[in-house]
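Please look over the sequence and the structure shown below. The text that follows goes through some contacts between side chains and then turns to the domains.

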Amino acid sequence: MLPRIDSIKQIRQKIGITQKKLATMTGVSTSMINQIESGRSQPSYETAKRIFDNLAKLEGESSSHTAGDFCSKDIVKLKPSNTLHDAIKKMHQLSISQIPVFSNSEVVGVVSEDGIVKHLADVGESELKKAKLADTMDPVPPIVDFDTPANVLVPLIRYSKCILVTKKSKIIGIITASDTLKMME
């Protein structure tokens, strides 16, 4: 899945390259880039993919930020034996929307507001509060290294509730959608 076509101009300008340079890199004419950016022309999927791949490559080269710059170091953890009621209480108390689930030092899943709502629809409120996280948690979220370039994080967070960050194979942080907004500052 590609980003929206109307974001090409914004990304190109953020990176600081001209339409001519983008056109040369992607093998299309400068006028075609101009028409795409102004909405007068819709590129084929292949052309759009080449444009976004080149923009992502340049963005990675221009960004010196890493996952470690954006992660929250205070990770709230739950165990598979905790109940969904425990998770809901902790989420409300700390104003967070997801919590990784650990068995000892190993991450085994994640519980999220979205996941809880889905389970609520399936089993009803009385059963939901008693349910153990082991039976209701979502799969392990993506795990990236502390030094992973920041531009890699946005596509990941679109498909996952959170990203865990490791340093020397130990989980040291968590990145949520709201953390990725910090990249725009």
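In this predicted model, the side chains of aspartate 138 and serine 112 make a polar contact at 3.5 Å. A polar contact is a pair of N or O atoms within 3.5 Å; within protein, one must be able to donate a hydrogen and the other to accept it, and residues adjacent in sequence count only if both atoms are side-chain atoms. The model is predicted, and local features need pLDDT of at least 70, side-chain atom pairs count only at pLDDT 80 or more, while totals for chains, interfaces and linings use all residues. Residues are numbered from 1 along each chain as its sequence is written, and side-chain values use heavy atoms, with hydrogens and water left out.

Aspartate 138 sits in the loop between helix H9 (133-136) and strand S3 (143-145). Helices (H or I, at least four residues) and strands (E, at least two) are DSSP runs, numbered from the N terminus. Leaving aside residues up to four places away in sequence, aspartate 138 touches Gly109, Val110, Ser112 and Gly115, where contact means heavy atoms within 4.5 Å. With a relative accessible area of 26%, aspartate 138 is partly exposed; buried means under 20% relative accessible area, exposed over 50%, and partly exposed in between (1.4 Å probe, protein chains only).

How many salt bridges does the structure hold? There are 3 salt bridges, each being a side-chain nitrogen of Lys or Arg within 4 Å of a carboxyl oxygen of Asp or Glu. One of them joins arginine 4 to aspartate 6, with the closest N and O atoms 2.4 Å apart. Arginine 4 is exposed, at a relative accessible area of 61%.

Another salt bridge pairs arginine 12 with glutamate 37, at 2.6 Å from N to O. This pair links distant parts of the chain, 25 residues apart: arginine 12 belongs to helix H1 (residues 8-15) and glutamate 37 to helix H3 (residues 30-38). Both arginine 12 and glutamate 37 are buried.

Lysine 49 and aspartate 53 also form a salt bridge, their closest N and O atoms being 3.1 Å apart. These two residues are separated by about one helical turn because they are 4 residues apart in helix H4 (residues 45-62). Aspartate 53 is partly exposed at 42% relative accessible area, and lysine 49 is partly exposed at 34%.

The domain assignment gives domain 1 (6-62) and domain 2 (67-183), with bounds that come from an automatic or database domain assignment. The C-alpha centres of domain 1 and domain 2 lie 34 Å apart.
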